[in-house]
Amino acid sequence: MTVIPFSSGLHRLGRDTYAYLQPPGTWGFSNCGVIVDGDQALLVDTQFDLPRTQALIDTLTTQLPGTRVATVVTTHANGDHCWGNQLFADAEIIGSAATAHEMAHEVSPEALRQLSGPDAPDGTLGDYMRRHFGCFDFSGIALTPPTRTFTGQLDVRVGGRIVELAEVGPAHTDGDVIVHAPDAGVVFTGDILFIGDHPIMWTGPVENWLAACDRIEKTGARYVVPGHGPVTDLAGVRQFRRYLEYVADQAHRRYEAGTPYWQAAADMPLPERYRGWGHRERLVITVAALYRQLGAPPAPLMEVLAHTAAAEQRAPAG
Ligand SMILES: [Zn+2]
């Protein structure tokens, strides 16, 4: 596999198939995908805000002139993958039925603006939100959910090409979808894959997420484009799968021992291969979801986020 540099913008992966990468890949810096045939394009995900989505459109206009985005696939309901949808008013927007439902119940752009803007509450959580989300512009966003929904699988035509959509959630969120371009050997995973940073499990169960990794591996793809971070390959998917298994096993032991979820996340030892990953504090969110799966009462979102912010401040390396 040719190594694709992790630099901002459009990168060709194979036959008329591109990754639009957004380093550093941390909170809100999400990747998109573009699959082209003739004058038609399918876009996988939009950006977190309107200026960043407009920059994506400008890049497509300049680098793929004469191409029209006829289809947008929304891989899941998190705003960093769909809050730019309104700028593709002429396109059909496809997502899972669960994603369409979840989009209406996610934290709203206005609420996120208040949580991360200059008027964000003082304290550890406000400081965390300002630092990680303060660079985005959440004004003017009109939630634009999928205009066509599906469950299970759906094949979509782009010119003469077939693109395979598969619903693999609930895992990261309620309705995760992965996008496979078989004739190019490329899978766009949405946030089923994070590369270089700790992932976030909002929903689970982890078994679905592991099965999603297996499904990606079965495609035999040459290039795997994560929702965040650099392009990887099937070895990267396997390493990520092992991380999920490890964290789930560790969380299970700590749950049985009666350890609170935030404490379980804080004192979980990490094998060497995961120590360089960023945002270790996100383990708090994932362990909270794993505990819920094990039978713990759901922890309120703001409580989980407050513990996440506090964990970053303690920030043991690895
Ligand atoms: Zn994301």
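Predicted model: local features only at pLDDT ≥ 70, side-chain atom pairs only at ≥ 80, totals over all residues.
1. Helix α1 covers residues 50–63, 14 residues in total, and its first and last C-alpha atoms are 20 Å apart, close to the 20 Å expected at 1.5 Å a residue. At the start of α1, Asp49 places a side-chain oxygen within 2.9 Å of the backbone nitrogen of Arg52.

2. The buried residues of α1 include Leu50, Thr53, Leu56, Ile57, Thr59 and Leu60. An α-helix has 3.6 residues a turn, so residues three or four places apart point the same way. The strands against which the buried residues of α1 pack are β1 (9–14), β2 (17–21), β3 (32–37), β4 (40–44) and β5 (68–73).

3. His172 belongs to the loop between β9 (161–167) and β10 (177–181). Is His172 buried or exposed? With a relative accessible area of 0%, His172 is buried.

4. The side chain of His172 makes a polar contact of 2.8 Å with the side chain of Asn78. A polar atom of the His172 side chain also lies 2.6 Å from the backbone oxygen of Ile200. Beyond neighbours within four places in sequence, the contacts of His172 include His76, Asp191, Phe194, Trp202 and Trp209.

5. The largest pocket holds about 710 Å³ of space. Its lining comprises 34 residues, and Asn78, Glu106, Val107, Trp202 and Leu301 lie nearest the centre. Two or more lining residues come from each of α2 (97–103), α3 (109–116), α4 (124–133), α8 (283–294) and α9 (301–314). By residue class, the lining of the largest pocket has 21 nonpolar, 6 polar and 7 charged members.

How values were computed. Residues numbered from 1 in each chain as written. Heavy atoms only, no water. Helix = DSSP H or I, 4+ residues; strand = E, 2+ residues; numbered from the N terminus. Expected span 1.5 Å × (residues − 1). Buried < 20%, exposed > 50% of the residue type's maximum accessible area, 1.4 Å probe, protein only. Contact = heavy atoms within 4.5 Å. Polar contact = N/O pair within 3.5 Å; in protein donor to acceptor, adjacent residues only side chain to side chain. 1 Å grid on protein atoms, 1.4 Å probe; cavity = no way out; pocket = protein on both sides within 12 Å on 5 of 7 lines; lining within 4 Å. Points joined across faces, edges and corners; volume = space filled by probe spheres on them. Nonpolar A, V, L, I, M, F, W, Y, C, P; charged D, E, K, R; others polar.
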